[in-house]
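Here is my notebook from a first look around this structure. Come along and check each entry against the picture.

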Amino acid sequence: MRTLCPYCGNYIVTVTTAVPGLLTWLLCSGCRCFLGCCLVPFFVKSLMDVSHSCPVCKHELYHYHRV
Ligand SMILES: [Zn+2]
């Protein structure tokens with residue numbers, strides 16, 4: 001999203017990165033099949049936290065948590 005970066009003062013469009021969050025780990029620890037399906041949440045973006053960062057100075061501006 002477009003915003004003014006408080007760190008470098010540039011008007012930028014944030015770069016979004018999906019990062020494994022608490023929900024991802026909860027789903028992983030809740031699966032006890034040991035067949036690798038517990039890794040699935042790590043590839044499902046809708047289950048991941050989203051990090052918005054500035055493309056100029058690389059500071060993280062927002063962190064959206066699923067839980
Ligand atoms: Zn910046």
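**Entry 1: the metal site.** I began with the angles: the four donor atoms around the zinc ion subtend 103 to 116°, so the arrangement is tetrahedral (four donors count as tetrahedral if all angles lie between 85 and 135 degrees). The protein donors I found are the SG atoms of Cys5, Cys8, Cys54 and Cys57, at 2.2 to 2.3 Å from the zinc ion. A donor here is an N, O or S atom within 2.8 Å of the metal (3.2 Å for Na, K and Ca), and water is not among the atoms, so sites may look incomplete.

Along the chain, the donors of the zinc ion keep the spacing C-x2-C-x45-C-x2-C. Cys5 sits in the loop between β1 (2-4) and β2 (11-13), and Cys54 in the loop between β4 (49-53) and β5 (60-64), so the pair ties together parts that are 49 residues apart in sequence. Strands are DSSP runs of E with at least two residues, numbered from the N terminus.

Are Cys5 and Cys54 buried or exposed? I looked up both: Cys5 is buried at a relative accessible area of 2%, and Cys54 is buried at 1%. Buried means under 20% relative accessible area, with a 1.4 Å probe and protein chains only.

**Entry 2: what I am working with.** This is a predicted model, where local features need pLDDT of at least 70 and side-chain atom pairs count only at pLDDT 80 or more, while totals for chains, interfaces and linings use all residues. Residues are numbered from 1 along each chain as its sequence is written, and side-chain values use heavy atoms, leaving out hydrogens and water.

**Entry 3: the sheet.** I traced an open sheet of three strands in the order β3-β4-β5, with antiparallel pairing (two strands pair if DSSP finds at least two bridges between them). β3 and β5 stand at the edges with a single partner strand each, so one side of each has no neighbour in the sheet. Direction ignored, neighbouring strands of this sheet are turned by 25° against each other on average; the axes are lines fitted to C-alpha atoms.

I counted five bridges between β3 (residues 15-19) and β4, and four between β4 and β5. Val50 in β4 stands opposite Ala18, and its bridge partner in β5 is Tyr64. His52 in β4 has Thr16 opposite. β4 and β5 form a hairpin with six residues between them, and Lys58 in the turn has a positive phi of about 70°.

Entry 4: How many of the residues of β4 are buried? Five of its five are. In a regular strand the side chains alternate between the two faces of the sheet. I checked both faces of β4: Asp49, Ser51 and Ser53 on one side and Val50 and His52 on the other are all buried.

Entry 5: Ser51 counts as buried at 7% relative accessibility. Its side chain makes a polar contact with the side chain of Glu60 at 2.7 Å. A polar contact is a pair of N or O atoms within 3.5 Å; within protein, one must be able to donate a hydrogen and the other to accept it, and residues adjacent in sequence count only if both atoms are side-chain atoms.

Asp49 also counts as buried, at 4% relative accessibility. The side chain of Asp49 makes a polar contact with that of His65 at 2.9 Å.

How values were computed: Four donors count as tetrahedral if all angles lie between 85 and 135 degrees; four count as square planar and six as octahedral if opposite donors are over 155 degrees apart and all others between 65 and 115; anything else is irregular. Buried means under 20% relative accessible area, exposed over 50%, partly exposed in between (1.4 Å probe, protein chains only). Axes are lines fitted to C-alpha atoms, for helices over the stretch in contact, and angles run from 0 to 180 degrees between N-to-C directions.
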